[in-house]
Amino acid sequence: MYTFNHKNLLGIDQLSVGDINMILDTADAFLEISSRDIKKAPTLRGKSIVNFFYEPSARTKASFEMAAKRLSADTLSLSANESSMVKGETLIDTAQNLQAMNPDIIVLRHPSSGAPHFLAKHLEAGVINAGDGMHEHPSQALLDLFTIRKKKGRIKGLRVVIIGDIAHSRVAGSDIRALKKMGAEVTVSGPPTMIPTDVESLGTQVVSDPTRALKGKDVIMMLRIQLERQSGILFPSLREYSNFFGLNKELLKGAKKDVIIMHPGPINRGVEITWDVADGPFSVILDQVSNGVAIRMALLYLLIGGE
Ligand code: CP
(Lines give C-alpha, C1' and ligand atoms only; values in the text may rest on other atoms or scores of the structure.)
Protein backbone atom coordinates (compact mmCIF):
# COMPACT_ATOMS: atom_id res chain seq x y z
CA MET A 1 0.00 0.00 0.00
CA TYR A 2 1.26 3.50 -0.91
CA THR A 3 2.20 5.71 2.06
CA PHE A 4 1.83 9.49 1.92
CA ASN A 5 4.65 10.68 4.09
CA HIS A 6 4.51 14.48 4.39
CA LYS A 7 3.81 16.83 7.26
CA ASN A 8 3.75 20.04 5.16
CA LEU A 9 2.63 21.04 1.68
CA LEU A 10 4.99 23.83 0.64
CA GLY A 11 5.34 23.32 -3.11
CA ILE A 12 4.83 20.87 -5.96
CA ASP A 13 8.48 19.79 -6.20
CA GLN A 14 8.25 17.95 -2.86
CA LEU A 15 5.52 15.64 -4.27
CA SER A 16 6.18 12.51 -6.31
CA VAL A 17 3.85 11.29 -9.07
CA GLY A 18 2.64 8.66 -6.57
CA ASP A 19 1.88 11.37 -3.97
CA ILE A 20 -0.11 13.38 -6.51
CA ASN A 21 -2.08 10.34 -7.65
CA MET A 22 -2.83 9.53 -4.03
CA ILE A 23 -4.10 13.10 -3.36
CA LEU A 24 -6.32 12.98 -6.48
CA ASP A 25 -7.67 9.51 -5.65
CA THR A 26 -8.39 10.57 -2.05
CA ALA A 27 -10.18 13.71 -3.32
CA ASP A 28 -12.29 11.47 -5.57
CA ALA A 29 -13.38 9.53 -2.51
CA PHE A 30 -14.20 12.74 -0.59
CA LEU A 31 -16.11 14.39 -3.47
CA GLU A 32 -19.22 12.39 -2.60
CA ILE A 33 -19.45 13.91 0.90
CA SER A 34 -20.09 17.36 -0.59
CA SER A 35 -23.13 16.06 -2.48
CA ARG A 36 -24.76 14.52 0.60
CA ASP A 37 -27.69 16.03 2.43
CA ILE A 38 -25.61 15.97 5.64
CA LYS A 39 -22.19 17.11 4.37
CA LYS A 40 -20.05 15.87 7.22
CA ALA A 41 -17.78 12.97 8.12
CA PRO A 42 -16.10 12.46 11.52
CA THR A 43 -12.65 11.85 9.94
CA LEU A 44 -10.76 14.76 11.57
CA ARG A 45 -12.76 15.10 14.79
CA GLY A 46 -10.52 16.57 17.50
CA LYS A 47 -8.03 18.09 15.03
CA SER A 48 -7.52 21.87 14.83
CA ILE A 49 -6.78 23.90 11.72
CA VAL A 50 -5.73 27.57 11.62
CA ASN A 51 -6.32 29.55 8.42
CA PHE A 52 -3.83 32.41 8.57
CA PHE A 53 -4.30 34.76 5.60
CA TYR A 54 -2.06 37.81 5.24
CA GLU A 55 -3.56 38.55 1.79
CA PRO A 56 -7.16 38.72 0.54
CA SER A 57 -8.76 35.46 -0.55
CA ALA A 58 -12.28 34.33 -1.36
CA ARG A 59 -11.87 30.83 -2.79
CA THR A 60 -8.84 29.37 -0.99
CA LYS A 61 -9.76 30.53 2.51
CA ALA A 62 -13.41 29.49 2.20
CA SER A 63 -12.41 26.21 0.58
CA PHE A 64 -9.95 25.19 3.34
CA GLU A 65 -12.48 26.20 5.98
CA MET A 66 -15.28 24.23 4.34
CA ALA A 67 -13.00 21.23 3.80
CA ALA A 68 -11.99 21.21 7.48
CA LYS A 69 -15.60 21.56 8.66
CA ARG A 70 -16.81 18.76 6.35
CA LEU A 71 -14.28 16.50 8.04
CA SER A 72 -15.37 17.70 11.54
CA ALA A 73 -12.09 19.50 12.40
CA ASP A 74 -12.14 22.67 14.53
CA THR A 75 -11.16 25.76 12.55
CA LEU A 76 -9.96 29.24 13.30
CA SER A 77 -9.47 31.94 10.66
CA LEU A 78 -7.18 34.92 11.13
CA SER A 79 -6.43 37.68 8.64
CA ALA A 80 -3.58 40.21 8.74
CA ASN A 81 -5.77 43.10 9.90
CA GLU A 82 -7.23 40.98 12.72
CA SER A 83 -3.83 39.76 13.92
CA SER A 84 -1.33 41.61 16.12
CA MET A 85 0.76 42.25 13.00
CA VAL A 86 -0.96 45.66 12.94
CA LYS A 87 0.66 46.28 16.37
CA GLY A 88 4.11 45.38 15.06
CA GLU A 89 4.26 41.65 15.82
CA THR A 90 6.39 39.60 13.40
CA LEU A 91 5.10 36.60 11.43
CA ILE A 92 7.20 34.17 13.47
CA ASP A 93 6.03 35.61 16.81
CA THR A 94 2.38 35.40 15.77
CA ALA A 95 2.93 31.86 14.47
CA GLN A 96 4.73 30.72 17.63
CA ASN A 97 1.85 32.07 19.71
CA LEU A 98 -0.61 30.13 17.56
CA GLN A 99 1.66 27.09 17.93
CA ALA A 100 1.39 27.43 21.72
CA MET A 101 -2.33 26.63 21.28
CA ASN A 102 -1.29 23.35 19.63
CA PRO A 103 -3.04 23.34 16.24
CA ASP A 104 -2.41 20.43 13.88
CA ILE A 105 -2.08 22.49 10.70
CA ILE A 106 -1.54 26.14 9.83
CA VAL A 107 -2.70 27.16 6.35
CA LEU A 108 -0.73 30.26 5.39
CA ARG A 109 -1.17 32.81 2.62
CA HIS A 110 1.52 35.47 2.60
CA PRO A 111 2.80 38.13 0.16
CA SER A 112 6.44 37.01 0.63
CA SER A 113 7.77 34.03 -1.32
CA GLY A 114 9.14 31.45 1.12
CA ALA A 115 7.09 32.54 4.18
CA PRO A 116 5.43 29.08 4.57
CA HIS A 117 8.84 27.37 4.25
CA PHE A 118 10.18 29.63 7.02
CA LEU A 119 7.26 28.79 9.33
CA ALA A 120 7.56 25.08 8.60
CA LYS A 121 11.17 25.18 9.86
CA HIS A 122 10.12 26.72 13.18
CA LEU A 123 6.78 25.11 14.02
CA GLU A 124 5.69 21.69 15.18
CA ALA A 125 2.34 22.06 13.39
CA GLY A 126 2.19 21.17 9.71
CA VAL A 127 2.13 24.09 7.26
CA ILE A 128 0.17 24.32 4.01
CA ASN A 129 1.23 26.98 1.51
CA ALA A 130 -1.99 28.70 0.39
CA GLY A 131 -0.06 31.07 -1.90
CA ASP A 132 3.30 32.73 -1.20
CA GLY A 133 4.09 35.87 -3.19
CA MET A 134 4.88 35.10 -6.83
CA HIS A 135 6.20 31.64 -5.95
CA GLU A 136 3.66 28.81 -5.58
CA HIS A 137 0.04 27.91 -4.83
CA PRO A 138 0.23 24.10 -4.69
CA SER A 139 -3.35 23.30 -3.60
CA GLN A 140 -4.62 25.32 -6.61
CA ALA A 141 -2.44 23.25 -8.96
CA LEU A 142 -3.71 20.02 -7.38
CA LEU A 143 -7.35 21.04 -7.81
CA ASP A 144 -6.54 22.01 -11.41
CA LEU A 145 -5.04 18.56 -12.05
CA PHE A 146 -8.07 16.97 -10.41
CA THR A 147 -10.47 18.99 -12.61
CA ILE A 148 -8.53 18.09 -15.76
CA ARG A 149 -8.47 14.38 -14.82
CA LYS A 150 -12.22 14.41 -14.13
CA LYS A 151 -13.06 16.18 -17.39
CA LYS A 152 -10.55 14.47 -19.70
CA GLY A 153 -10.00 11.14 -17.95
CA ARG A 154 -6.22 11.60 -17.90
CA ILE A 155 -3.45 14.20 -17.61
CA LYS A 156 -0.52 12.47 -19.33
CA GLY A 157 -0.13 13.50 -22.96
CA LEU A 158 -2.64 16.37 -22.81
CA ARG A 159 -1.69 19.69 -24.36
CA VAL A 160 -2.24 22.67 -22.05
CA VAL A 161 -1.77 26.38 -22.74
CA ILE A 162 -1.55 28.97 -19.96
CA ILE A 163 -2.27 32.51 -21.17
CA GLY A 164 -1.66 35.74 -19.27
CA ASP A 165 0.62 37.15 -16.62
CA ILE A 166 2.84 34.09 -16.14
CA ALA A 167 5.69 36.04 -14.51
CA HIS A 168 3.73 37.23 -11.48
CA SER A 169 1.46 34.20 -11.05
CA ARG A 170 2.08 31.68 -8.27
CA VAL A 171 -0.70 29.59 -9.83
CA ALA A 172 1.35 29.34 -13.03
CA GLY A 173 4.43 28.48 -10.92
CA SER A 174 2.67 25.49 -9.37
CA ASP A 175 0.58 24.48 -12.39
CA ILE A 176 3.56 24.30 -14.76
CA ARG A 177 5.48 22.09 -12.29
CA ALA A 178 2.46 19.86 -11.58
CA LEU A 179 1.39 19.45 -15.21
CA LYS A 180 4.93 18.65 -16.36
CA LYS A 181 5.37 16.15 -13.52
CA MET A 182 2.17 14.37 -14.57
CA GLY A 183 3.26 14.16 -18.24
CA ALA A 184 1.29 17.00 -19.86
CA GLU A 185 2.75 19.29 -22.52
CA VAL A 186 2.69 22.94 -21.42
CA THR A 187 2.78 26.09 -23.58
CA VAL A 188 2.73 29.60 -22.12
CA SER A 189 1.53 32.73 -23.88
CA GLY A 190 1.32 36.41 -22.98
CA PRO A 191 3.04 39.74 -23.46
CA PRO A 192 6.85 39.26 -23.42
CA THR A 193 6.98 41.53 -20.34
CA MET A 194 4.88 38.98 -18.45
CA ILE A 195 6.77 35.83 -19.47
CA PRO A 196 9.66 34.87 -17.13
CA THR A 197 12.97 34.66 -18.99
CA ASP A 198 13.70 31.20 -17.51
CA VAL A 199 10.27 29.63 -18.08
CA GLU A 200 11.60 27.25 -20.75
CA SER A 201 13.89 25.70 -18.14
CA LEU A 202 10.68 24.30 -16.56
CA GLY A 203 10.06 22.40 -19.79
CA THR A 204 7.50 24.76 -21.32
CA GLN A 205 7.25 26.20 -24.79
CA VAL A 206 6.67 29.97 -25.25
CA VAL A 207 4.30 31.08 -28.03
CA SER A 208 3.50 34.78 -27.68
CA ASP A 209 0.66 34.88 -30.21
CA PRO A 210 -2.41 33.44 -28.40
CA THR A 211 -4.10 32.40 -31.68
CA ARG A 212 -1.18 30.10 -32.44
CA ALA A 213 -0.69 29.15 -28.81
CA LEU A 214 -4.19 27.71 -28.28
CA LYS A 215 -4.34 25.72 -31.54
CA GLY A 216 -4.70 22.00 -30.85
CA LYS A 217 -4.73 22.41 -27.06
CA ASP A 218 -6.95 20.28 -24.82
CA VAL A 219 -6.93 22.79 -21.96
CA ILE A 220 -6.78 26.60 -21.92
CA MET A 221 -5.92 28.20 -18.57
CA MET A 222 -6.47 31.93 -18.38
CA LEU A 223 -4.76 34.09 -15.74
CA ARG A 224 -5.59 37.53 -14.46
CA ILE A 225 -3.04 40.37 -14.63
CA GLN A 226 -1.46 40.46 -11.14
CA LEU A 227 -1.37 44.26 -10.90
CA GLU A 228 -0.66 44.08 -7.15
CA ARG A 229 2.66 42.32 -7.83
CA GLN A 230 3.86 44.32 -10.86
CA SER A 231 6.49 46.95 -10.20
CA GLY A 232 6.28 48.89 -13.50
CA ILE A 233 4.08 49.44 -16.55
CA LEU A 234 4.15 46.14 -18.45
CA PHE A 235 1.45 46.79 -21.07
CA PRO A 236 0.01 49.93 -22.73
CA SER A 237 -3.61 49.66 -21.51
CA LEU A 238 -6.17 47.12 -20.29
CA ARG A 239 -8.07 47.58 -23.56
CA GLU A 240 -5.00 46.74 -25.62
CA TYR A 241 -4.19 43.75 -23.39
CA SER A 242 -7.75 42.52 -23.75
CA ASN A 243 -7.69 42.94 -27.55
CA PHE A 244 -4.48 40.89 -27.91
CA PHE A 245 -4.65 38.34 -25.08
CA GLY A 246 -8.26 38.28 -23.84
CA LEU A 247 -10.12 35.03 -24.54
CA ASN A 248 -13.26 35.76 -26.56
CA LYS A 249 -15.50 33.78 -28.92
CA GLU A 250 -13.45 34.83 -31.96
CA LEU A 251 -10.16 33.58 -30.48
CA LEU A 252 -11.88 30.41 -29.28
CA LYS A 253 -12.83 29.49 -32.88
CA GLY A 254 -9.23 28.29 -33.34
CA ALA A 255 -9.41 25.91 -30.36
CA LYS A 256 -10.26 22.20 -30.30
CA LYS A 257 -13.96 21.38 -30.25
CA ASP A 258 -13.69 19.63 -26.88
CA VAL A 259 -11.38 22.15 -25.20
CA ILE A 260 -11.94 23.05 -21.55
CA ILE A 261 -11.37 26.58 -20.23
CA MET A 262 -9.99 27.07 -16.74
CA HIS A 263 -9.27 30.08 -14.54
CA PRO A 264 -8.13 30.02 -10.89
CA GLY A 265 -10.11 33.18 -10.08
CA PRO A 266 -10.70 35.90 -9.28
CA ILE A 267 -11.65 36.58 -12.91
CA ASN A 268 -11.61 40.06 -14.39
CA ARG A 269 -14.49 39.83 -16.85
CA GLY A 270 -13.87 41.84 -19.99
CA VAL A 271 -10.09 41.85 -19.47
CA GLU A 272 -8.55 38.35 -19.75
CA ILE A 273 -11.86 36.64 -20.56
CA THR A 274 -15.21 37.83 -21.91
CA TRP A 275 -18.46 37.29 -19.99
CA ASP A 276 -19.89 34.86 -22.55
CA VAL A 277 -16.75 32.68 -22.62
CA ALA A 278 -16.43 32.64 -18.80
CA ASP A 279 -20.04 31.43 -18.53
CA GLY A 280 -20.04 29.39 -21.75
CA PRO A 281 -20.17 25.66 -22.43
CA PHE A 282 -16.40 25.09 -22.41
CA SER A 283 -15.83 26.78 -19.06
CA VAL A 284 -15.06 24.57 -16.04
CA ILE A 285 -14.27 27.50 -13.75
CA LEU A 286 -16.91 26.68 -11.15
CA ASP A 287 -16.05 22.95 -11.31
CA GLN A 288 -12.55 24.00 -10.21
CA VAL A 289 -14.06 25.66 -7.13
CA SER A 290 -16.21 22.62 -6.23
CA ASN A 291 -13.28 20.26 -6.79
CA GLY A 292 -11.10 22.52 -4.62
CA VAL A 293 -13.04 21.55 -1.49
CA ALA A 294 -12.48 17.83 -2.16
CA ILE A 295 -8.76 18.40 -2.83
CA ARG A 296 -8.37 20.34 0.42
CA MET A 297 -10.25 17.63 2.33
CA ALA A 298 -7.79 15.12 0.86
CA LEU A 299 -4.80 17.28 1.79
CA LEU A 300 -5.93 17.80 5.39
CA TYR A 301 -6.67 14.10 5.75
CA LEU A 302 -3.35 12.95 4.27
CA LEU A 303 -1.22 15.53 6.11
CA ILE A 304 -2.67 15.20 9.60
CA GLY A 305 -4.30 11.84 9.35
CA GLY A 306 -7.38 10.70 11.05
CA GLU A 307 -9.30 7.57 11.66
N1 CP B 1 -7.58 30.93 -6.77
C2 CP B 1 -7.32 31.67 -5.65
O3 CP B 1 -6.28 31.55 -5.01
O4 CP B 1 -8.33 32.55 -5.33
P5 CP B 1 -8.37 33.41 -3.99
O6 CP B 1 -7.29 34.46 -4.10
O7 CP B 1 -9.75 34.00 -3.94
O8 CP B 1 -8.11 32.49 -2.83
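Lys40 is placed in the loop that runs between helix H1 (17-31) and strand E1 (48-53), and in this predicted model its relative accessible area of 44% makes the residue partly exposed. Lys40 and Lys152 are separated by 112 residues in sequence, and their C-alpha atoms lie 29 Å apart in space. The points below take up the side-chain contacts, the surroundings of the ligand and the backbone geometry in turn.

**Side-chain contacts**

- Arg149 belongs to helix H5, which covers residues 138-152, and the side chain of Arg149 makes a polar contact of 2.9 Å with the side chain of Asp25.
- The side chain of Arg149 is also joined to the side chain of Asp28, here by a polar contact of 3.4 Å.
- Ser79 is a residue of strand E2, and because its relative accessibility is 13%, under the 20% limit, Ser79 counts as buried.
- The side chain of this buried serine, Ser79, makes a polar contact of 2.9 Å with the side chain of Asn81.

**The ligand and its surroundings**

- The ligand sits in the largest pocket, and the residues around the ligand are Ser57, Ala58, Arg59, Thr60, Arg109, His137, Gln140, Pro264 and Gly265.
- By residue class, the shell around the ligand divides into two nonpolar, five polar and two charged residues.
- On the backbone side, a polar backbone atom of Ala58 is 2.8 Å from an oxygen atom of the ligand.
- On the side-chain side, an N or O atom of Arg59 is 2.9 Å from an oxygen atom of the ligand, while an N or O atom in the side chain of Gln140 is 3.1 Å from a nitrogen atom of the ligand.
- The ligand taken alone exposes 260 Å², and the protein buries 92% of that area.

**Backbone geometry**

- Most residues other than glycine have a negative phi, and most peptide bonds are trans.
- Ser72, which is found in the loop between helix H2 (59-70) and strand E2 (74-79), has a phi near 70°, a positive value in a residue other than glycine.
- With a relative accessible area of 17%, which is under 20%, Ser72 is therefore classed as buried.
- Asn102 lies in the loop between helix H3 (91-99) and strand E3 (105-110), and its phi is near 60°, again a positive value in a residue other than glycine.
- Asn102 counts as exposed because its relative accessibility is 55%, which is over 50%.
- The peptide bond that leads from Gly265 to Pro266 is cis, with omega near -5°, and Pro266 is found in the loop between strand E9 (260-262) and helix H10 (275-278).

How values were computed
Residues numbered from 1 in each chain as written. Predicted model: local features only at pLDDT ≥ 70, side-chain atom pairs only at ≥ 80, totals over all residues. Heavy atoms only, no water. Helix = DSSP H or I, 4+ residues; strand = E, 2+ residues; numbered from the N terminus. Buried < 20%, exposed > 50% of the residue type's maximum accessible area, 1.4 Å probe, protein only. Near = heavy atom within 4 Å. Polar contact = N/O pair within 3.5 Å; in protein donor to acceptor, adjacent residues only side chain to side chain. Areas by Shrake-Rupley, 256 points an atom, 1.4 Å probe, with all protein chains shown as cover. 1 Å grid on protein atoms, 1.4 Å probe; cavity = no way out; pocket = protein on both sides within 12 Å on 5 of 7 lines; lining within 4 Å. Sits in = over half its atoms within 2 Å of the grid points. Nonpolar A, V, L, I, M, F, W, Y, C, P; charged D, E, K, R; others polar.
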